Amino acid sequence: MKNILVTGGAGFIGSHTAVELIAAGYNAVIVDNLSNSKESALTGIKEISGATPSFYNLDYSNDEKLKEIILKESVDGVIHFAAFKAVGESTETPLKYYANNVAGFVGLLSTLEKLGIPIVFSSSCTVYGEPDSLPVNEQAPIKPAESPYGTTKQMDETILRDATKASKKLKSIALRYFNPVGAHPSGLIGELPLGRPSNLFPVVTQAIAGVGKELTVFGTDYDTPDGSCVRDYIHVVDLAKAHIKALEYLNGQQQGFYDVFNIGSGKGNTVLEVIKAFEETTGKKVPHILGARRDGDIVATYANCSKANELLGWKTEKTLTDSCRDAWNWQTKITPAL
Ligand code: UD1
């Protein structure tokens, strides 16, 4: 494999993956309709990598155009990120989510099936819901999704598995991400929440910066070490590298191969621990208030990543401190007043 199509390559995880692909000697071909990202990410990728990936401003679900690009660029592998990801919005506009994340995905897979091109799919730990035991491994049961967004990830995994197993031409891997955070250490690419962020890291960095909304800790009466929820925060650069390992692993597999891997830090941290880590790393206070639980939040989850460690030869290299430092550095770059 040499030419890798990255759908959603201008987005948070996609842009970091494009950088890691180039660093590993691949050509990244980016397709993104910029619906939740900005072209500045492409400039960042160029500055970091010194390469100029081909970029197509296109909705990935445009099957005909996408196929043309795949053929023109001699694409021989796909990493698929393009999807809607706002949990709350998915509850309000489920059809928008099913159309883009599921119907669009079926179209993409049909093209890849015809052409015999392998795919790495971005899934989520959301498929596990509230796990029965921790750390959660890939054998844990899939629980009913909390939102249409979660349902789309579950449906896509099922579609990918069934389509791959029935095919003589497809092979695929689904990576179940835990909570992706941080930014590239250069400060040239990072997470760009359009509108009000709802994920913890951008809310924290905006609170430190004094922009955006105040940070409320959602719940302090959970059955956890300090009463706040536990999550597995994985540095986006570590996560990006897992995709290259997955591609390499797929390369050695037969057609019809499908598997899933957890990609997390393997550590659980509470919300209050994250706040403390930010304060220690940045030397700044994180203004926050303790508030009520957020509807739909699970109490605690973190990953057992032994399968990815052993089979993909992947492991995390960065710490929570790195994530806090890089997230804050990124915030200072995108807030003009800082
Ligand atoms: C959320 C999504 C999940 C998605 C993941 C991707 C929900 C319910 N779930 O997960 O489907 O896969 O993002 O990144 O939105 N927190 C606060 N105050 C805040 C924001 C968050 O205390 O202002 C807490 C939350 O209660 C949670 C933790 O921080 O305990 C992480 O929250 P968040 O970043 O939104 O991620 P998840 O809820 O884990």
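A polar contact is a pair of N or O atoms within 3.5 Å; within protein, one atom must be able to donate a hydrogen and the other to accept it, and residues adjacent in sequence count only if both atoms are side-chain atoms. The structure is a predicted model, in which local features need pLDDT of at least 70 and side-chain atom pairs count only at pLDDT 80 or more, while totals for chains, interfaces and linings use all residues. Residues are numbered from 1 along each chain as its sequence is written, and side-chain values use heavy atoms, with hydrogens and water left out.

An N or O atom in the side chain of Ser 124 is 3.2 Å from an oxygen atom of the ligand. Asn 179 places a polar side-chain atom 2.9 Å from a ligand oxygen atom, whereas Ser 198 has a backbone N or O atom at 3.5 Å from an oxygen atom of the ligand. On its own the ligand has 720 Å² of accessible area, of which the protein covers 87%; such areas come from the Shrake-Rupley method with a 1.4 Å probe, and for residues only the protein chains shown count as cover.

Two or more residues of the shell come from each of strand S7 (179-181), helix H7 (200-209) and strand S8 (215-218). Helices (H or I, at least four residues) and strands (E, at least two) are DSSP runs, numbered from the N terminus. The largest share of the shell belongs to S8, with 4 residues. In total, 20 residues surround the ligand, and the closest are Leu 200, Thr 216, Arg 231, Arg 294 and Asp 297. A residue is near a molecule or strand if one of its heavy atoms lies within 4 Å of it. Sorted by class, the shell has 11 nonpolar, 6 polar and 3 charged residues. Here Ala, Val, Leu, Ile, Met, Phe, Trp, Tyr, Cys and Pro count as nonpolar, Asp, Glu, Lys and Arg as charged, and the others, Gly among them, as polar. Domain 1 (3-181 + 233-263) and domain 2 (200-231 + 266-330) each supply at least three residues to the shell, the domain bounds being taken from an automatic or database domain assignment.

The strands may be considered next. In strand S11 (residues 258-263), 6 of the 6 residues are buried, a term that means under 20% relative accessible area, with exposed meaning over 50% and partly exposed the range in between (1.4 Å probe, protein chains only). Tyr 258, Val 260 and Asn 262 point one way from S11, and Asp 259, Phe 261 and Ile 263 point the other way. S11 runs parallel to strand S6 (residues 172-177), to which 6 bridges join it; two strands pair if DSSP finds at least two bridges between them. Within this pairing, Leu 175 has Phe 261 of S11 as its bridge partner.

Strand S1 (residues 3-7) runs parallel to S4 and is joined to it by 4 bridges, with Val 78 as the bridge partner of Leu 5. S4 also runs parallel to strand S5 (residues 119-124), with 3 bridges between them; there, Ile 79 has Val 120 as its bridge partner.

Several loops carry backbone features. Leu 134 and Pro 135 are joined by a cis peptide bond, with omega about -5°, and Pro 135 is found in the loop between S5 and helix H6 (148-165). Leu 34, in the loop between strand S2 (27-32) and helix H2 (40-49), is not a glycine, yet has a positive phi of about 55°. Ser 74, in the loop between helix H3 (63-72) and S4, likewise has a positive phi, near 50°. Ser 74 counts as partly exposed because its relative accessibility is 46%.

Glu 157 lies in helix H6 and counts as buried because its relative accessibility is 7%. Its side chain makes a polar contact of 2.6 Å with that of Arg 176. Ser 40, found in helix H2, counts as partly exposed at 44% relative accessibility. Tyr 56 is in strand S3 (residues 54-57) and is buried, with a relative accessible area of 17%. The C-alpha atoms of Tyr 56 and Ile 69 are separated by 8.4 Å, the two residues being 13 residues apart along the chain.
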